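Subject: Model for your files

Hello,

Here is the structure I said I would pass on. My notes on it follow below.

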Amino acid sequence: MSESSSSSDLHLTDFPDRFSPMLVKELRQGMRTHLFTIAFILLQAFMVLCVLIGAAAPGDASAVSVFFWFFVVVTLLIVMPIRGFGALNSEIQLNTMDLIQLTRLGAWRVTFGKWAALVAQTLLLVCGILPYVVMRYFFGGIDLFHELLRLFWVLIVSMLFTAVTVGFSAFRSVLLRATVAVVLLILTSGASELGRELTTFASGKTAGQIALGVAAALLSAGYLTWFMLDLGASRIAPEADNHATRKRLAALGFGIVVLLLPLVGLEVGACLLIAGIVWMLVSLDALTERPTLLPSLLRPFVSRWYLRPFSLLLLPGWPSGLFFYLLCVLVFAGALQLHTGFGGLTLRETQVVVSGASLVLFPLIFLHLFFRRVTEPASLFGIYLLIQVCAGVVGFFLMIMAEETGVGDVAYLFAPLPSTALFAAAQSNEEAAHVYAVGALGLCAVLITIVRGMPWYRDVFRVMAALKSSNPR
Amino acid sequence: MNETPQDVPQPDSGPESASHAAESSEASAPPVVPAIEVRDLHRHFGPLKAVDGVSFSVEPGQVVGFVGANGAGKTTTMRIIATLDYPNRGLVKVCGIDVVQYPALVRGRIGWMPDSFGTYDNMTVVEYLDFFARALGFRGEERADRVRDVMDFTDLTPLADRLINKLSKGMGQRLCLGRALIHDPDVLILDEPAAGLDPKARVELKNLIRILADDGKTVFISSHILSELGEMCDSLLFINQGRVIHHGSAESLKHTTSGSMLVDVQTAGDPEKIGEWAEMAPHVTLKEMRKRGARIEIDSIEPEVIAGVLRRMINDGIPVTEFHREERKLEDAFIEILGEMEAGVLGER
């Protein structure tokens, strides 16, 4: 080694050692991209325009506000998150994942680094916006605190959206990524409604309830961000990496905490909805995971006798994903009972729970009967989502038809479809026959999945026995 | 449905066992731990048996060529050795460390160069190497030293600030080799490193590999260009349909044809004469007609028989101007071994 060697002459001192290598790489690359540069310049130009208009008509900020927030929302909730779709996908396409896998960077650090770099660039844009917010305040007509608060929430949602796109960038299906993009666009178009909700949230509430509500919202955003990133990480990780166990345990823990929040004053409906969505998301992932059975994955479950049954809930793969999902349904039903004072569920509530549970299960019938040769997890996930989207669209239009024509029977014809039954229950068109039909469909899905998973269950016991005998403790 | 790689757990073979071996070796003759050891390796993708019972070992410091047709199982075997894939059955160790049980330890000992790799956009040569140096855990000046050393070794220093998607294929391969060397690994696994390179870049790459081999590194290299492998490899490993069909030195392949010898004969007159003569002469088989003579095979390596053939040729009026032993082409050897295997003569050597 030469004595005179230093990192400065190689231009390697731009980022400190403590930064994640992936973050450094992505920042170096990302800040040179045309998209970031153009977004930055355009946003600055629009901000200058907004301020000039505000200066021309001081005190009347409403028209300028619409333009201002339009540009901010488009940049932070559409342009920057959309870049996440290329994050992991580019590594997969370039065949560079293998090279990264041979370093000390695990799948999680890779995914997190890519997300962090995109968020850092978004923060840079937000820092560029801040002076214009202050100037608009100077010209009058705006509430600075509310503007900054709104910007904060937009940033939080942007971080979450970026996590969604980075997570889904691990999937090769263009159709799947396009569907996610459309969903994000729809959510973004509802951003103004969300903003209004968030700014009026505090009215009529105590300081404790506000703090709890904000904490719950931040916790939910944080959990969903983590979940989406781990979804991507688990898809690029080697088979020997077990992401399923921690993902399922975290979802279970998070859901239980949220379900207990009504005991300290938060709305029951909102908490049930959040827990339900989180468990549906994690189950969707669990029910389409590749069944893997490496001894290294089973070893932690073999070490203690009481851990062995948990392998059927927490090992990676859809056969265990099914039992995990059934556990979530049980806990959810239990929480519902708890919050209704154990007085039993009404027919409507029962229809919501049963059709909600069957909604997640029914695509498994198609997957295990008609797509048996599909083993690639990304494909399974994509097919599952497409079935759900189709069923959701059918259910939605049937309910619109039923509502517009006043003939509810149109929807009843398709009541066994869980999405239709769920919409029907939401519109107070509940019927016991629907509950039985949807329940039977869900049960069919469970039985078919168990039958298809039998070889895997057998293998679990076989490998466990082999591990136990090789390492008796 | 599901795959069950490594059905039977293997509790032995950790770094501990390697160190125990090292300790016990002080008393007796030191046992050489193979740089790469593959035993009864199987890897199936559904019904396809990509690797079907491969066994071999590579001693430290050796350069071993891995040869086979497309789809023979080369890349799958190399990926398993490089901890990028898992075997369904069998044992693979690198420097005595089990690749399935201790992949992280193995990764510290190997440098992997895939057959194709993409280049990042908006990234310079030095940033690319710096990224991998950071990702391998190097910090501060040590990181800069590593980057500088591999850039010097691969002659990339003048290109340090060039964007890597602007590099030529040959420069890209040098960069890829440099990346594989950042952590100074003991074993290099190179999958088709010369594919698509022009002759100059190929020679440069060959020289770099030779330097690495002289430096004591074990190099396990696959290629379709057998003549190049023959020049730089200590031994060659032929694989076909997931099975090893030959493992031996290039020299032995070049010279041995089951007790026969190839001879290039050049004549002054009509070359047809030597062709006609070869068809009549004992101990001789005509292999190929050439512009100024022919390539014949003498069915013995006994000097008396060879001298007898030459004497008879002259006595029969063939105007011989040159008569010399010809090395068998490695391609011919490979095809011959393949043919023998297919005919069921050879089985598994």
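Gln173(B) is part of helix α6 of chain B, residues 169-181 (helices, H or I with at least four residues, and strands, E with at least two, are DSSP runs numbered from the N terminus). This is a predicted model, in which local features need pLDDT of at least 70 and side-chain atom pairs count only at pLDDT 80 or more, while totals for chains, interfaces and linings use all residues; side-chain values use heavy atoms, with hydrogens and water left out. Residues are numbered from 1 along each chain as its sequence is written, and chains are lettered from A and ligands numbered from 1 in the order in which they are written.

Gln173(B) counts as buried because its relative accessibility is 3% (buried is under 20% relative accessible area, exposed over 50%, partly exposed in between, with a 1.4 Å probe and protein chains only). Its side chain reaches the backbone oxygen of Pro193(B) at 2.6 Å. Apart from neighbours within four places in sequence, Gln173(B) is in contact with Met113(B), Phe117(B), Glu192(B), Pro193(B) and Leu197(B) (contact means heavy atoms within 4.5 Å).

**Chain B as a whole**

Chain B has 12 helices and 14 strands. It has 349 residues, of which 53% count as buried. Of the contacts in chain B with a separation of 6 or more, 70% are between residues 24 or more positions apart.

Helix α4(B) is mostly covered, with 11 of its 11 residues buried; among them are Tyr128(B), Phe131(B) and Arg134(B). The cover over these buried residues includes α1 (21-30) and α5 (97-101) of chain A, as well as α5 and α6 of chain B. After α4(B) comes Gly137(B), which has a positive phi near 100°.

**Where chain B meets chain A**

In the interface, 48 residues of chain B are in contact with 52 residues of chain A. The area buried between the two chains is about 4500 Å², and carbon and sulfur atoms give 57% of it (buried area is the accessible area, 1.4 Å probe, that two parts lose on being put together, summed over both).

The rule finds four salt bridges across the interface of chain B and chain A (a side-chain nitrogen of Lys or Arg within 4 Å of a carboxyl oxygen of Asp or Glu). Asp130(B) and Arg28(A) meet in a salt bridge through their side chains, at 2.8 Å from N to O. On the side of chain B that touches chain A, the elements giving two or more residues are β6 (110-113), α4 (125-135) and α5 (140-153) of chain B. The largest share, nine residues, comes from α5(B).

Ser220(A) lies in helix α10 of chain A, residues 207-236, and counts as buried at 12% relative accessibility. Leaving aside neighbours within four places in sequence, Ser220(A) is in contact with Phe254(A) and Ile274(A).

Arg290(A) is in the loop between α12 (268-286) and α13 (295-302) of chain A. Arg290(A) is partly exposed, with a relative accessible area of 32%. Its C-alpha atom is separated by 8.8 Å from that of Leu380(A), 90 residues apart along the chain.

Regards

Key. Polar contact = N/O pair within 3.5 Å; in protein donor to acceptor, adjacent residues only side chain to side chain.
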